[in-house]
Structures are given as structure tokens and as C-alpha cells.
Amino acid sequence: MIRFMADTEKYPRTDCSTIIVGKNATTTGRVLVGHNEDDPGCMVQSHLVPRMQHAEGETVRFADGTAVIDQVPETCAYYWSEFRSLNGEAFADAFINEYGVSVVSNGCVDSKHPEGVTGGMGYALRRLIAERAHSAREGVEIAAALVEKYGYYSTRSYAICDKDEGWIFQVVIGHNFVAQRVGDDEIQYIPNWLTIRNVDFNDTEHKKFYFSKTLLSDALENGWYKPAKEGDYSDFDFAMTYQEGSVVIPSNMWRSDLAWRQITGTEPVPHRTFSIKAPRKYGVEDLKKILRSHYDGHEEDLKTDPKMSPHRYGICRDTTVESMVIDFADIPELTCVWRAFPRPCIAPYLPWYVGIAKLPKGYENFGAKTALASHFAVDPTEFRYDSSRAYWAFHMLENIMEFDYQFCEEKVHGDIEKMEAAMTAAKPLIDEAYRKLAETSPEYARQLLTDYTAAQAQKAWEWAEQTALELVDIKNAANMDFWRSKL
């Protein structure tokens with residue numbers, strides 16, 4: 001059995017990165033979302049879950065929480081990226097449903113409400129948003145109602161998005177939250193701390209904010225916030241009220257600076273900035289580049305150790321298990337999830353269309369029903385190498401590169417650039433072919449997306465296997481030449 005658990009006590013855990021670009025600040029005219037999921041010790045598989053009918057009086061409960069939640073009559077179909085670990089992952093999975101609503105999250109530094117409190121919801125929140133939301137705004141309203149009714153046991157930031165709106169929903173332990181919309185002309189980046197700052201409590205129409213009914217009273221009663229002027233709450237700062245400004249985490253600060261420097265093209269913005277007005281328009285390639293970036297000191301490290309890994313405090317880092325750029329379309333079926341795993345610097349971003357009828361072979365270990373039942377009780381044998389699963393090919397290539405990243409990167413990055421260029425060029429042709437087919441045969445149109453997605457996934461899998469073998473042979477030959485030169 002292959003074990004790859006990080007020592008989270010010796011090396012404090014640092015997690016995900018998320019970028020949201022408002023629709024007027026993108027080259028597509030629709031919202032763009034970029035996300036790196038970082039979880040040590042995880043492996044990933046994919047699922048398609050169909051739309052389902054549920055009986056009156058049915059309830060749902062997840063193993064990590066105590067909430068028994070009323071089920072709705074019908075749940076949406078969705079794509080599910082599942083992250084499995086021996087400890088069970090309550091806060092990692094990504095979802096995009098049939099209505100084009102996506103859900104990803106970032107762990108946040110502990111709030112003043114202490115961690116370790118169990119009960120209420122954890123994993124349920126993301127999944128129920130995916131199962132019930134017909135728009136991003138409705139997803140926020142669903143999340144708000146669930147947290148207020150059942151409670152939540154962590155501190156976290158959710159990105160809930162569709163083609164028109166991108167929302168950040170930040171929740172602390174208990175029943176309190178704030179949600180803020182990313183403006184149509186704005187760009188947002190978050191590492192792993194609360195970023196929503198001044199809350200407009202007069203926004204009763206929810207043009208930009210949602211907030212829990214007890215948010216103010218909770219902060220006031222605990223003595224965490226006192227308005228400068230009695231009765232005037234315009235100076236309420238959610239992030240600083242619940243986390244203050246004393247949280248010093250190098251990973252968050254360095255990743256924040258690295259991302260914002262690339263976004264602005266100049267200097268980074270102050271830490272805990274929620275969003276800025278976009279200085280230009282951004283496309284899929286811009287988000288890929290940011291999500292692949294390594295920490296600023298890498299070049300200096302290479303001067304002293306050419307074999308140094310770049311995955312220290314970067315955005316693409318040692319804990320990254322999946323990266324995605326969600327390219328929303330005007331019709332949900334053509335929404336394309338550009339997906340790379342485990343780390344985006346060693347794998348091509350592959351086009352996974354939301355409208356596929358079947359998953360590519362080898363990317364799902366077992367069905368969604370079994371996966372949900374065992375999500376918090378994972379069999380250790382799942383972590384044994386299995387050549388019939390695509391995950392292991394990319395995992396092996398990733399590990400081979402870590403032995404001598406600089407030696408390997410020219411070939412790997414060159415191959416990735418060629419593959420991605422071909423897939424990017426093909427996408428508008430596939431989209432147009434789908435539209436024409438859908439006019440007469442929606443079934444054939446869906447099969448087109450299914451076949452194309454499967455072909456690219458298979459090609460990348462074969463490339464990862466072959467490249468790993470080639471790199472081992474090339475490195476071995478170089479070592480033999482070196483030793484022969486000493487004879």
C-alpha cells in the first residue's frame with residue numbers, strides 16, 4: 001500500500017486557492033472560476049450523479065455531522081470530484097450541477113469560535129447546494145438557510161458560482177455567516193483566511209450581501225466588536241472581528257502576494273483584500289498560469305540546489321490534488337471544466353464537459369452510491385497502486401518529477417503546452433458541432449461531448465504513463481554517462 005500522508009503537526013497544513021472573475025472582466029463574457037484543491041494524503045476520483053426523486057418525509061444525514069436534514073422532492077444531477085482519504089474528507093469535494101452551479105471551498109484560519117466543536121453540518125453544506133441550487137444566488141440562499149437552521153462546525157469560505165454571478169460565502173462555527181458577491185467588473189482571490197470585510201447591513205435586497213440574523217449580536221455579546229458610534233455598524237469588519245489581524249501564516253501571505261502580483265501585473269494588494277476592480281480582462285489561460293505558479297523564491301533555491309522542489313508555499317504546491325478552471329457556457333451542457341490533477345504543473349488541463357453522459361474510463365474507481373456510503377470510512381486498500389486507474393499514472397509522474405524537477409520540466413512542460421494548444425483550438429469546433437447536433441438530436445450531441453472528453457482523458461493518461469517511463473530511462477542514462485566519465 002502506498003502511503004502519502006503529510007505530517008500536519010510538524011508542517012502546518014495550508015490549503016486551497018480560489019479565483020473568481022466577474023463576467024464583465026473576462027474574455028468570455030461570463031464568470032470564470034479557478035480553484036486548486038489542497039489536501040495531504042488524498043486521492044481523487046470522479047462521479048456523475050443523476051437527477052433523483054425523493055419521498056415525502058425523507059431526511060438526509062452525513063457521517064461527519066449530527067444534523068438530520070429534510071430532503072427536497074427532487075435533487076439535481078451533478079458532476080462530483082471526490083477526494084478520498086483514510087481520515088475521511090469533509091471539506092474538499094467539488095461539484096458542478098446540471099444548471100451550471102459550481103461549489104468549491106477554502107479552509108480558513110480558526111475563528112474566535114473554537115474549532116473542535118462537533119455537531120451540525122460540515123460535508124452536507126457543499127453537497128446540498130449542488131443538489132438543490134438552480135443558480136448561484138439560490139445556492140447562497142440555500143446555504144444561508146441551512147446554516148441558520150442546523151449550524152456548522154468549521155470556519156470556511158465557499159465559492160458558489162454560475163455564468164452570471166460569483167459569490168463568496170464565509171461561515172464560522174455555529175450559525176453565523178456572511179456572503180458577498182464579486183462585482184461584474186471585479187476579480188477576487190482567496191488563500192485560507194476570511195476576506196469579507198465591511199458588511200452593508202442595509203442591503204436588505206441582497207444586491208451584494210447576505211448575512212445571518214445573529215451576526216451582529218454574536219460579535220457584540222462576545223465583546224469582539226464595538227461600533228465607533230453607537231447604533232452605527234458601518235465600521236463592522238467581518239474578517240477582523242472574527243479572526244483579528246494577528247494571524248501570521250507564511251503560506252497565506254506568500255500565496256496572496258504571488259496571486260495578486262500576477263493579477264495586477266505590479267505590486268500585490270494588502271492581505272485579506274476581498275476583490276479589486278479588474279485592471280484588464282482575464283481568460284482561461286490567465287487562470288491556469290496563476291494556479292500553476294510556484295513561490296517566488298524558487299529561482300533562488302535552484303542556485304544552491306538544482307534539484308530543489310518548487311512546491312513550497314506556492315499556489316501549485318506539495319498538497320495540491322486537483323486544479324480546475326470552470327469555463328461557464330450560455331447553456332450548462334457546454335460548461336467546460338478544465339481539469340488537471342494531481343498538480344497542474346505536471347499535468348495538462350483536460351476539457352471535462354458538464355453535458356457528458358458517461359465518465360471517461362479509469363477515472364472512477366466505483367460508483368457514486370458506493371462512494372457516498374464509504375466517504376468517511378475509506379478502505380485502506382484503495383491506496384494500493386492500480387494500473388487500471390488513471391490517478392496512479394499521474395501520481396507516479398508527479399513523484400518522479402519531485403526527485404529532480406528541473407531535469408524533468410522541459411520535456412513535461414513542452415508536452416503539456418502542445419496538448420493544451422490542440423485542445424484549446426478544438427474547443428470552439430466541438431462547441432459548434434454540439435449546437436448543430438442538439439437541434440436535431442440532443443442524444444447524439446451529448447454523445448459527442450462524452451466521446452471527446454473521454455478521448456482527451458485517455459490520451460493524457462497514456463501520456464502520463466509513457467512520460468514517467470521515459471523520464472526514468474533518460475535520468476538513468478544521464479547517471480550512467482556521468483559514472484562512465486569518471487572511469
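Mentor: Rings of Phe, Tyr and Trp count as a pair if their centres lie within 6.5 Å. The model discussed here is predicted.

Trainee: Which aromatic cluster includes Trp352 and Trp461?

Mentor: Pairing of rings rests on the distance of their centres, with a cut-off of 6.5 Å. One cluster holds both Trp352 and Trp461. Its members are Tyr79, Phe341, Trp352, Tyr363, Tyr385, Tyr391, Trp392, Phe394 and Trp461.

Trainee: Which charged residue sits over the ring of Trp352?

Mentor: For a charge over a ring, the NZ of Lys or CZ of Arg must be within 6 Å of the ring centre. Here the charged end is 4.5 Å from the centre of the Trp352 ring. The residue is Arg339.

Trainee: How many aromatic pairs are there by this rule?

Mentor: The rule is the one for ring centres within 6.5 Å. Applied to this model, it gives a count of 25 aromatic pairs.

Trainee: What kind of aromatic pair do Phe62 and Tyr123 form?

Mentor: Their centres are 5.7 Å apart and their planes make an angle of 75°. Phe62 lies in the loop between strands S5 and S6, while Tyr123 is in helix H1, 61 residues away. Planes over 60 degrees apart set the class, so the pair is edge-to-face.

Trainee: Is Tyr123 buried or exposed?

Mentor: The cut-off for burial is under 20% relative accessible area. Tyr123 has 0% relative accessibility, so this residue counts as buried.

Technical notes: Residues numbered from 1 in each chain as written. Predicted model: local features only at pLDDT ≥ 70, side-chain atom pairs only at ≥ 80, totals over all residues. Heavy atoms only, no water. Phe/Tyr/Trp six-rings, centres within 6.5 Å; stacked < 30°, edge-to-face > 60°. Helix = DSSP H or I, 4+ residues; strand = E, 2+ residues; numbered from the N terminus. Buried < 20%, exposed > 50% of the residue type's maximum accessible area, 1.4 Å probe, protein only. Lys NZ or Arg CZ within 6 Å of the ring centre and 35° of its normal.
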